[in-house]
Amino acid sequence: MDCIYKNPDAHIEDRIKDLLSRMTLKEKIGQMTQIEREVSTPSALRDFFIGSIQSAPGSGPFENALSSDWADMVDGFQKSALESRLGIPLIYGIDAVHGNNSIHGATKFPHNIGLGATRLVSITGPKYLNCG
């Protein structure tokens, strides 16, 4: 395999060194760039070497999109990224601090429950968390 960075058996340091040596400055800048889903197109991913896409609140494939619709959308973006010269996969993020309310039928969590749960162990101690 002449591309060390694609060899999963090579040492990670060697893979990183090989990949960085192959990247142009434009590709490196693109990999550090995150764009919003609404402006994500196959040509933007290809021409600007975008490294990450994020869905802001309410920015889904379409209204009442199911998890399978989201998966299909992200798979399409990933396919475009993998077809680039170096085939670097995308990182996809969703702004969903209350639970993913952009997915139809998903559970939404109020902040107060999440905040309270972060302190449960330190206040009550682990013995109170035993449900058995």
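Visitor: Why is Asp-2 called exposed?
Guide: This is a predicted model, so the label rests on computed values. Asp-2 has a relative accessible area of 67%. Exposed means over 50%. Asp-2 therefore counts as exposed.

Visitor: Where does Asp-2 sit?
Guide: In the segment before α1.

Visitor: Why is Leu-20 called partly exposed?
Guide: The relative accessible area of Leu-20 is 42%. Buried needs under 20%, exposed needs over 50%, and partly exposed lies in between. So Leu-20 is partly exposed.

Visitor: Which class does Asn-64 fall into, and why?
Guide: Asn-64 has 48% relative accessibility. Exposed would need over 50%. Asn-64 therefore counts as partly exposed. Asn-64 is found in the loop between β2 and α4, where α4 spans 67–82.

Visitor: What makes the backbone of Asn-64 worth a remark?
Guide: Its phi is near 60 degrees, a positive value in a residue other than glycine. Most residues other than glycine have a negative phi.

Visitor: What is phi of Phe-49?
Guide: Near 55 degrees, again positive in a residue other than glycine. Phe-49 is placed in the loop between α3 (42–48) and β2 (52–55).

Visitor: How many helices and strands are there, and in what order?
Guide: Five helices and three strands. From the N terminus on, the elements run α-α-β-α-β-α-β-α.

Visitor: How much of the chain is buried?
Guide: Of 132 residues, 27% count as buried. The accessible surface comes to about 9100 Å², and carbon and sulfur atoms hold 59% of that.

Visitor: What share of the contacts with a separation of 6 or more is between residues 24 or more positions apart?
Guide: Such pairs account for 39% of them.

Visitor: How do you know where to be careful?
Guide: Look at pLDDT. The chain mean is 83, and 75% of residues reach 70 or more. Over residues 128–132, pLDDT stays under 50. The model has two contacts beyond four places in sequence for that stretch. Where pLDDT is low, the predicted coordinates should not be read in detail.

Terms used:
Residues are numbered from 1 along each chain as its sequence is written. This is a predicted model: local features need pLDDT of at least 70, side-chain atom pairs count only at pLDDT 80 or more; totals for chains, interfaces and linings use all residues. Side-chain values use heavy atoms; hydrogens and water are left out. Buried means under 20% relative accessible area, exposed over 50%, partly exposed in between (1.4 Å probe, protein chains only). Helices (H or I, at least four residues) and strands (E, at least two) are DSSP runs, numbered from the N terminus. pLDDT is the predictor's confidence in each residue, from 0 to 100. Contact means heavy atoms within 4.5 Å. Accessible areas come from the Shrake-Rupley method with a 1.4 Å probe; for residues, only the protein chains shown count as cover.
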